Amino acid sequence: MATWNSRGLRGSVLEEFINRTNEKYLDSGLALIQKIPTPITPIKIDREHRHITLAYFEQKSTVDYIGAVQGIPVCFDAKESAQDTFSLQNIHEHQVEFMKNFEKQKGIAFFLIYYTDKELFYYLRLRELLVFWERAQNGGRKSFRFDELKTDYFFSSKQGIFVPYLEMMQKDILEREA
């Protein structure tokens, strides 16, 4: 049984930025992307401050977001990193399996990684992750370094859009078609 403690909300700022971006995309008719809540069962509740302080996850989550962009099924997960080395422990096998199956159904699956110290986002395509994943499964590094990533998939906020990932998704689609 996995437990959750309220101190673990490190990604909540990134999540808020993505949620606001998704609202903009919806308002402009570009995409419909929904945050997938992870069902939890509360164990401890601070009644005075009205919040959950300890809970357990009812089931394994798959991805953070799912939806469609111009008719294309999309799913992705958001991660943060304060270091140049990203541990693959931050990604779970059931997530990778879900994403592989999602792409078999003609969807696009990816990770958005926010490098907090550099204020840079990275669009990590599933096929790129699988190279690192298989390396780890075969006894290699259980992480990947910032300098191993493709430079043309880094991006930053633009005026009015906190996490403009659709441009990277378009680049991904064009590379798939080439």
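Two strands count as paired if DSSP finds at least two bridges between them. Helices (H or I, at least four residues) and strands (E, at least two) are DSSP runs, numbered from the N terminus. This is a predicted model, where local features need pLDDT of at least 70, side-chain atom pairs count only at pLDDT 80 or more, and totals for chains, interfaces and linings use all residues. Residues are numbered from 1 along each chain as its sequence is written, and side-chain values use heavy atoms, with hydrogens and water left out.

Start with the whole chain. The protein has four helices and eleven strands. It has 178 residues, and 35% of them count as buried. Buried means under 20% relative accessible area, exposed over 50%, and partly exposed in between (1.4 Å probe, protein chains only). Contact means heavy atoms within 4.5 Å. Among contacts with a separation of 6 or more, 64% join residues 24 or more positions apart.

Now the sheet. Six strands form an open sheet with mixed pairing, in the order β2-β5-β6-β8-β9-β11. At its edges stand β2 (31-35) and β11 (154-155). Each has a single partner strand, so one side of each is left without a neighbour in the sheet.

Follow β6 next. Seven of the ten residues of this strand (residues 72-81) are buried, so β6 is largely enclosed by the rest of the structure. With β5 (residues 65-69), β6 pairs in the antiparallel sense over five bridges. Ala68 stands opposite Pro73 of β6, and Ile66 has Cys75 as its bridge partner. Two residues lie between the strands of this hairpin, and Gln70 takes a positive phi near 50 degrees there. With β8 (residues 108-115), β6 pairs in the parallel sense over eight bridges. Here Cys75 stands opposite Ala109 in β8.

Helices pack on this sheet. Helix α2 (residues 93-104) lies across β5, β6 and β8 and runs at about 155 degrees to β6. Helix α3 (residues 126-137) touches β8 and β9 (120-125), and its direction makes about 80 degrees with that of β9. Axes are lines fitted to C-alpha atoms, for helices over the stretch in contact; angles run from 0 to 180 degrees between N-to-C directions.

Finish at Asn22. This residue sits in helix α1 (residues 12-27). Is Asn22 buried or exposed? Asn22 counts as buried because its relative accessibility is 6%. Leaving aside neighbours within four places in sequence, Asn22 is in contact with Ile33, Tyr65, Phe76 and Tyr165.
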